[in-house]
Amino acid sequence: MDKEVNILGGGISGLACAIILRKNGYNVNVYEKKNSVGTRFNDDWQGIENWSEKIDVLKQIESYGIDLSFDYEPISELTIHYSGKIKTIKVKNGCYLVRRGSSKGCLDTCLLEQAEELGVNIHLASVPEKEVPIKVNATGPKNATAFVKGIKFKTNFESGYHMAFGSEIATGFYSYLLIKNGHGTIATVFNRKLAHCSDEFLQNTVEYFLGFLDKRELASGKKFGGYGHFEIKKSLYDDNGAMLIGEAGGFQDYFWGFGMRYAIQSANFAARSITRNESYNDLIKKHLIKKMKHSERNRFIFETLGPLAYPCAYYSLAVSKNPLKLLNMIYR
């Protein structure tokens, strides 16, 4: 049995796969073309969803042999907004905030540290020679189906977690405001067809949340942008036969735009395919494709509803006695 595995890409899916493989006795090389990990991100807080499956996502990650050494914060209350209406709902551990980027405590950095401590060979600012056989492709998204634009800032406001619906702030998707321990992130999420409206959406989002913000704090903040890729692929392998994981494989939630859980799950399935000789195709079809199809269906319904989508989303969550169970149901 060949005990050496080469992984292309040092994002969270590539590093998670490397950690799992190394813990199973494999010699692992990770090739990352940039000189650091997490460079796509800005040390901002992002959500890893905890509603699409019955198992808690952090317990799921631990079950793969990955330590929870990164900074995280459970969200148990979420304030939702629509057209001036505001409702705080209980969503016990419905989502976890993690930081993404290159700084200490970020998910990306902590996975890198774990991999290095285990003896994974990390090749930064490096592209493998053509003759190097790549088993896992974790190179991230090649194109975008959804975009995010926002501002990361320091603030004296108390911690809070807000999601707002409305065509004027994020047509088809939503805007959010996250404040934790003096650090804030305000952003708008929208599809690629409306990329030309990004500045307008962000400005409207800022104006909408002014009651929870200080303009002077925002003025000294740092703007950022990002994107994600959703696709249910016909083939889960690239042209060279490497397994596609993370956003390289199109693994993401198309309804809300969450992708981290998919990234780490697909990494685990690629590792299982190698260590247990299981079919990667079968594992993905059994555990991820159905969820992805549900998210695609939910996105289609949301967009078909047009202007009715926003009040439907707001009132469905606002009146539900168990919003977390409701979210779980629409994915199952």
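Guide: Glu231 is partly exposed because its relative accessible area is 31%. This is a predicted model, in which local features need pLDDT of at least 70, side-chain atom pairs count only at pLDDT 80 or more, and totals for chains, interfaces and linings use all residues. Residues are numbered from 1 along each chain as its sequence is written, and side-chain values use heavy atoms, leaving out hydrogens and water.

Visitor: Which side chain meets that of Glu231 in a salt bridge?

Guide: Side chains of opposite charge can pair when their charged atoms come close. The criterion for a salt bridge is a side-chain nitrogen of Lys or Arg within 4 Å of a carboxyl oxygen of Asp or Glu. Here the partner of Glu231 is Lys233, at 3.1 Å from N to O. Lys233 counts as partly exposed because its relative accessibility is 24%.

Visitor: How many salt bridges does the structure hold?

Guide: There are 13. One of them joins Arg99 to Asp71, with the closest N and O atoms 3.1 Å apart. This pair links distant parts of the chain, 28 residues apart: Arg99 belongs to strand β5, and Asp71 to the loop between α2 (57-63) and β4 (72-82). Helices (H or I, at least four residues) and strands (E, at least two) are DSSP runs, numbered from the N terminus. Arg99 counts as buried because its relative accessibility is 14%, whereas Asp71, at 32%, counts as partly exposed.

Visitor: How many disulfides does a search of the whole structure find?

Guide: A disulfide is a pair of cysteine sulfur atoms within 2.5 Å. The search finds 0. For Cys106, the nearest cysteine sulfur is that of Cys110, 7.5 Å away. Cys106 counts as buried because its relative accessibility is 0%, while Cys312, at 36%, is partly exposed.

Definitions and conventions
Buried means under 20% relative accessible area, exposed over 50%, partly exposed in between (1.4 Å probe, protein chains only).
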